[in-house]
Amino acid sequence: QVQLVESGGRLVQAGGSLRLSCAASGRTFSYYAMGWFRQAPGKAREFIAEIRWSGGSTYYANSVKGRFTITGDNSKNTIYLQMNSLTPEDTAVYYCAANRGFLHTSENEYWGQGTQVTVSS
């Protein structure tokens, strides 16, 4: 059974930093992309960042470029999202996703349950 388990979400003050983790298990993810999405109350789920195990390429949404960094540890099947200079607009439930090849906006093969990030002003 494939599982993506996120952790690291919590309440943080504006300007602060946070690191999210997503541990994947249940299969080999060698040719998969993994990444992060978020969904704020009343808004659609949006893509944040992606890393492709094959080659290590990374991709970011413009809204987080320069503030967020996605990394991965192949040996642990785990990805991380380092978030700096957080603002209240970053408040959302953050979801981990995995899909063969690359991530789609919504139709990814595997999703985590989400972790809440709240940024206070």
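Which residue in the turn of the hairpin formed by β4 and β5 has a positive phi? The residue is Gly42, as point 3 sets out.

1. Basis of the note. This is a predicted model, in which local features need pLDDT of at least 70 and side-chain atom pairs count only at pLDDT 80 or more, while totals for chains, interfaces and linings use all residues. Residues are numbered from 1 along each chain as its sequence is written, and side-chain values use heavy atoms, with hydrogens and water left out. Strands are DSSP runs of E of at least two residues, and helices are runs of H or I of at least four, numbered from the N terminus.

2. The four-stranded sheet. An open sheet is built from four strands in the order β1-β3-β8-β7, with antiparallel pairing. Two strands are taken to pair if DSSP finds at least two bridges between them.

3. The hairpins. β4 and β5 are paired in the antiparallel sense over six bridges, and Gly35 has Glu50 in β5 as its bridge partner. Six residues lie between these two strands in their hairpin, and Gly42 in the turn has a positive phi of about 75 degrees. β5 also pairs in the antiparallel sense with β6 (residues 58-60), over three bridges; there the bridge partner of Ala49 is Tyr60. The hairpin of β5 and β6 has five residues between the strands, and Gly55 in this hairpin takes a positive phi near 105 degrees.

4. The nonpolar core. The largest nonpolar core contains 30 residues, and those with the most contacts inside it are Leu4, Met34, Trp36, Ile79, Leu81, Met83 and Tyr94. At least two residues of this core come from each of β3 (18-25), β4 (32-39), β5 (46-52), β7 (68-73), β8 (78-83), β9 (92-100) and β11 (115-120). Such a core is a set of buried Ala, Val, Leu, Ile, Met, Phe, Trp, Tyr and Cys residues joined through side-chain atoms within 4.5 Å. Buried means under 20% relative accessible area, exposed over 50%, and partly exposed in between (1.4 Å probe, protein chains only).

5. Asn77, in the loop between β7 and β8, has a phi near 50 degrees, a positive value in a residue other than glycine. Asn77 counts as buried because its relative accessibility is 17%. Not counting residues up to four places away in sequence, Asn77 touches Cys22, Ala23, Ala24, Arg27 and Phe29, where contact means heavy atoms within 4.5 Å. Ser85 also has a positive phi near 50 degrees and is found in the loop between β8 and β9. With 40% relative accessibility, Ser85 counts as partly exposed.

6. The whole structure holds five aromatic pairs. One of them, Phe29 with Tyr32, is edge-to-face, at 5.4 Å centre to centre and 75 degrees between the planes. Rings of Phe, Tyr and Trp (its six-membered ring) pair if their centres lie within 6.5 Å; planes under 30 degrees apart count as stacked, over 60 as edge-to-face and the rest as tilted. Phe29 and Tyr32 are both buried, and together with Tyr110 they form one aromatic cluster. Arg45 lies over the face of Tyr95, 4.2 Å from the ring centre, and its charged end also sits over the ring of Trp111, at 4.4 Å from the centre. The criterion is NZ of Lys or CZ of Arg within 6 Å of the ring centre and within 35 degrees of the ring normal.

7. Gly8 is found in the loop between β1 and β2 (11-13) and, at 34% relative accessibility, counts as partly exposed. Leaving aside residues up to four places away in sequence, Gly8 touches Leu18, Arg19, Leu20 and Thr115.
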